[in-house]
Amino acid sequence: MRRKRLVTALVAGLPVLALAVYGGLTRSPGPDPMLQTFAFTGGLRLVAETGGATDGVAAEVPERDTRRFSLVGVTWDDPRAVTGGTIQVRTRPVGARSWTPWQDLETDAPDESGGADGGPARGASDPLWVGPSNGVRARVVAGDEVRALPAGMRVDLINPDVVGRPREEIAPVAMQRPRRVNGVEIPSRPEPKLLSRAAWGANEKIVKEAPTYTGPVQVFFVHHTATGNGYSCASSTSVVRGIEAYQVKSKGWNDIGYNFLVDKCGTIFEGRRGGVDRNVLGAHTLGFNTNASAVAVIGDFRSTPIPAAARLSVAQLAAYKLGGAGNAPASRVALTSGGGPKFAVGRRVVLNRISGHRDAGLTECPGTSLYRQLPAIRQLAGSAPAGLHVVKVDGAGVWGDTYWTRGAIAPLWDLLTPSRMIDRFDVYVDGEMVDSRAGSIRAGSIRLSPGPHTVAVRARHLSGRTATAVAKVVADVEPPVFTALPQVYLTGGTVGTSVPIKVSWSATDPAGIRTAIVAGTSATVLDGAIRALTGPAPVGVTSTWRVGVVDHAGNRRVATVDRTPMILAEAQATRTGSWRAARDANHLGGVAAAAAAAGASLSWTVTGRSVGLVAARSATSGRVKVSIDGVLAGYADLNAATPQYRRLVFSKSWPDTATHTVKVEPEGTAGRPTVTIDGLAYLS
């Protein structure tokens, strides 16, 4: 008796429905059609369902062989009507003999999205992506409460790979021309990187009407397509074509209803035609389509969370549309309903700027799992740029906490926020904008006038929020000043065909000395804190040393010094007292003068800036007394554990060239009175 009542209830008021496109579903020559459809009452039979996920009695349409399709849905005449149970389908993949398990079609509420399009919109389940198939079965499983099936109920099969002749495209909207602020060209607000309708293969032939435009976007709705998650990202363009065909051919809308779609890999698709940068009236959220935009994430997210890549794409779109209208994505807004099942016409409703479909309609959409991620999406879409910092300033050197430059600089910056979420970067000098760069660029180019400056980089998020990083920069065009010009002196070491010398200097600059560059017989690049360099200089040859000091701004000051090293042998000295010849190939010229007794002396008269005594050292050598111009200049101890030859053991230097007499005498050191002298070196 119950089954009889169920049959009556299920089929009441269901006339036999003529096939809309592919009558009878018998195979015929020609290409596969875009839409195949058959009435739900054709061959209807009752099947008991127990022990499964859905118990009850099913009104089942037996399996049918079909032409190729990839997306399936069920539609009916009245968009306000609800089904009398759970609609399920199973399909047979192309090339296979087995059937898929039964899968539910989502019908959580009367179809309310297409109201903006007007006209004969049909009620419908959400479509299910099943991949290339050529067989289908369908049923409605009723529970304890039995209702009549909606009138005109039918199964629709979509083949998304049917290409229609493109209709004439809308003339593209001219890109916003870059504007100027104080002479600075501001980059155009960047559009999200996406697949255009042409790129994903939109069938423009089936689009019914030209797009309608609304005012600035006040709210951004997030949906899911409920088409299932069993698609690959490589096939997502086919899924989008299938959704377009289903919403136009099966549901009767003007075009695909969503403004944008996003697949699980984060790829963005342009939805309803009319221009990504324009406020196109969509068909997505009944009562709130005006001054709104919407994205549908491809898949079923009632229990499956969307991947991070898709979440970021949704946030980018929300920030792009809301921020472009000057509305903070993380804020709320009061809107007036245009009328729908949840909010009557004229009802004032406070919504998050980024809302789920369920916030405005009687629906599960966008699925509980995705809905729970909306706070994170609002955070991504509405946050200020994070981690902005100046990495370095090309054309400037760092000294302390300040950059120093000669004027032309290229600041480089970075941040943690992805480039796709950034509108642009503005560069300011002392509070005035001097440069502006697109959000994908991390460097600017400016020239500073002499003096201290504050250089600021301001990152502007798509949401409109900003963050600023600051650097202190001084433009310095003055080179360093030598406080002591380069000088060359004799210094300790071994004498041969060359003598050991030391080059010294001193310099200062407000920007600090970064480096010193010495070119000559001793050549190197030194840290700016170093003020001297030692090395050899050839005897009898005039050598030139070129010292350049560079400040942290890059300014350079150069000074040169010339010197000629000479050697006077011991034989060229004026002698007093007793000296003996000490012959050894290690001495200068193979011979040196040795003395131990008091009253022995050697003296030379030279004209130069620096003199140095050359002597031998040993374990038995004593000290030698050195006088210059009749005045005691000091002592040199020639004692050493191992023999050392031709050592410059004593030196004296002057700032100017002059004639000096150098006299040396044995001190008569107790136990080691002997001194051995090779000669005198000097710089002229």
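In this predicted model, serine 250 lies in helix α3, which spans residues 236-250. Serine 250 is buried, because its relative accessible area is 0%, under the 20% cut-off. The side chain of serine 250 makes a polar contact of 2.6 Å with the side chain of aspartate 156. Beyond its neighbours within four places in sequence, serine 250 is in contact with several residues, including Leu35, Thr75, Arg122, Arg154 and Ile158.

Helix α3 also takes part in salt bridges. The structure holds 23 salt bridges. One of them pairs aspartate 161 with arginine 241, with the closest N and O atoms 2.8 Å apart. Aspartate 161 lies in the loop between β8 (154-158) and β9 (179-181), and arginine 241 in helix α3, so the pair ties together parts that are 80 residues apart in sequence. Aspartate 161 is partly exposed, at 44% relative accessible area. Arginine 241 is buried, at 18%.

Glutamate 244 forms a salt bridge with arginine 197, the closest N and O atoms being 3.7 Å apart. This pair links distant parts of the chain: glutamate 244 is in helix α3 and arginine 197 in helix α2 (residues 197-200), 47 residues apart. Both arginine 197 and glutamate 244 are buried.

A further salt bridge joins arginine 442 and aspartate 414, with 3.5 Å between the closest N and O atoms. Arginine 442 lies in the loop between β21 (432-438) and β22 (446-447), and aspartate 414 in strand β19 (residues 402-414), so the pair ties together parts that are 28 residues apart in sequence. Aspartate 414 is partly exposed, with a relative accessible area of 32%. Salt bridges with shared partners join Arg197, Glu204, Glu244, Asp255 and Arg273 into one network.

Terms used. Residues numbered from 1 in each chain as written. Predicted model: local features only at pLDDT ≥ 70, side-chain atom pairs only at ≥ 80, totals over all residues. Heavy atoms only, no water. Helix = DSSP H or I, 4+ residues; strand = E, 2+ residues; numbered from the N terminus. Buried < 20%, exposed > 50% of the residue type's maximum accessible area, 1.4 Å probe, protein only. Polar contact = N/O pair within 3.5 Å; in protein donor to acceptor, adjacent residues only side chain to side chain. Contact = heavy atoms within 4.5 Å. Salt bridge = Lys/Arg side-chain N within 4 Å of Asp/Glu carboxyl O.
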